[in-house]
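Subject: Structure handover

Hello,

Here is the structure we spoke about. My notes follow below it.

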Amino acid sequence: MLEQQLFNALSLGCVYALFALGFTLVFGVLGVINLSHGAVFMVGAYAALAAVQNLGFPLWAAVIFAFVIAGCVGALIDVLVLRPLRNRNAPHLIPMIATIGVAIVLNSLAQGIAGAENKRFPTDVLPQESLDFLGIHITVIELGIILLSFLLMVALVLMIGRTQIGRALRAIAESPKAALLLGINVEWLFIITSFVAAGLGGVAGTLVGVYSNALFPLMGQPILHKGIAVIILGGMGDIRGAMLAGLFLGFAEVMSVAYIGSNMRDAVAFGVLFLVLILRPQGLLGRIQERKA
Amino acid sequence: MSAVSAAALLTTGAQAADIKIGAAEALSGGAAQYGISIRNAQQLAVEQINAAGGVNGDKLVLVVEDEQGKKEEAINVFKKLIFQDRVLMIFGPTLSNSAQAAFPIAQAAKIPAFGTSTTADGITSIGDFTFRNAVTEADVLPETVKATIKSAGVKKVAVMYGNDDVFTKSGYDNFKKALADQNIAVTTTETFAKGDVDFKAQLTKIKASNPDAIVLSALMAEGAPIMVQARQIGLNVPVIGGNGMNSVKVFDLAKGASDGLWVGSPWSSENKTAENAKFMESYTQKYKTAPDQFAAQAYDGIYIAAAALKGIKLTGKIEADRKALRDALATVKHTGATGPFTFRRVNDKAGKPAGYDADQKPIISVTKQGRYTIAQ
């Protein structure tokens, strides 16, 4: 049973990590806690469903489609909501509250267009295979989630660490004003960041939809709470930290179900998280940021 | 057509009038998928009754209002139907939560209120003007457990329920009592929360506890993925579900993993009586979609009201007529799409006689190859 539970923890942790990647990216670059990330997650899932059902896409193409559509929605949110607030130097809480409003609008739109009832991906587009390995039961879908989330994390870390765009993003994260003086097109990079972050959220939504067999307008809400915990534990804005913290939360949840009791699942998981934060308030991999003090 | 009925009225000399009946259902919002099904079935029944000459020559008129699945709105709509439209009785609301809020209004105004989809405990304890033909979970779940034990040889079960929802928690309470009454051992009790997507940790634990069946109090959003994930980890035991799992949606949401789900309900599409065949055929013809349990109970509800109205002489004094209808409803015997039906008096919290629940035996069904089949 322990082997199976460890594997369960790995796949659940990867779902949390995948959701948190985009969430933490936006915070790292824009300095905004974007609470519409859960709604964008839902938009990605519905976009992938539409691609499969109405456009006849195979699943891999639907995942890319979800990335693009959710990414565009994220870029639009930046242009229409976050940029005007930046331009008038709104205090930190304002953009966060504005993104709650965006989430409500997106959720209501989804309910109006697709209805409140649950949807699912047609079974014939989903891989049904599974394998038994050392007594562990592994489905191809779980394997896909694990591989894809590691792949996306590595790609994101390489992009930030090794490319020109990444260098510019790090400069912005350090100081948007200095970056602007260096000739970096800050507004343009904000839009790109929002696009990539929302796109990652959309991919996470699609994978969760595939995994859980249930899409509904409010599907992003519960995972948003976990996502907030993960980015705080990972160190706000830290990509590798988010990955690690996602796995940590998945592990804490599954082990509390296995050895303490499922009604204590969130209490134990968040209790442990709280203890870790007392020991490392900057998060697992975060450094204490003096410049922001 | 109208000339014919006018002529008929002239010859009998009867004073034809409209009998106004209110229907407060959730036609928008999250519960709309139930409310619309209910409204459709009510309109179908009213059309059939009127086409067959109405009630003692009077036509039934349905005054439909949208209560949006919200308590506040249900209260508003009840007030409008009672005091503005001056209807004789009210069907609805769709959800138990709303009924808890709106039935006291009807009770105070002394007008019969009739729920066709509200199964939570205590709703008809509100007073002697409250009725429902939705069979309560307290009545259904013990029967479902009993049938599964008998047919599938179940001796010990694992229990799983949503612990953050009134409906799934109350389903769990009823299951727990039924299991204790029938001496079934519980290997482990696991919970989950609304919006959870991953149930593998609980299901792995359940599998290790080696039960003969899983008792599941869940709504479809979580229940269907639980079915799928259980089958994925090789947990192929029967699943005993509550009302939340009693929907053909399971064949879509848990496609390929929906076999072996046991549920109980007074209505089944597989019930081959003449009344049910007539209902299913006319509903499918009118709405181009197959009816569900909610439609069947709503359809029977209108016929039960019509049967009661046939037995009384309306005076035109609304207070007296509402009371006469209440008295007549309590004694109705009717056989409809859900089978033979009578009301059973229930007590309020103080133990005094209050409203009326359905006295009906549920049909236990089990899913096989993408459809419900009647067990026994």
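Helix H2 (residues 37–53) of chain A is largely enclosed by the rest of the structure, because 15 of its 17 residues are buried (under 20% relative accessible area; exposed is over 50%, partly exposed in between; 1.4 Å probe, protein chains only). Helices (H or I, at least four residues) and strands (E, at least two) are DSSP runs, numbered from the N terminus.

This is a predicted model: local features need pLDDT of at least 70, side-chain atom pairs count only at pLDDT 80 or more, and totals for chains, interfaces and linings use all residues. Residues are numbered from 1 along each chain as its sequence is written, chains are lettered from A and ligands numbered from 1 in the order written, and side-chain values use heavy atoms, without hydrogens and water.

The scores are ipTM 0.84 and pTM 0.80. Chain B has a mean pLDDT (the predictor's confidence in each residue, from 0 to 100) of 91, and 95% of its residues reach 70 or more.

B:Thr148 sits in helix H5 (residues 137–152) of chain B. B:Thr148 is buried, at 0% relative accessible area. Not counting residues up to four places away in sequence, B:Thr148 has contacts (heavy atoms within 4.5 Å) with B:Gly153, B:Val154, B:Pro238, B:Ile240 and B:Trp262.

A:Ile260 lies in the loop between H10 and helix H11 (265–279) of chain A. A:Ile260 counts as exposed, at 54% relative accessibility.

Best wishes
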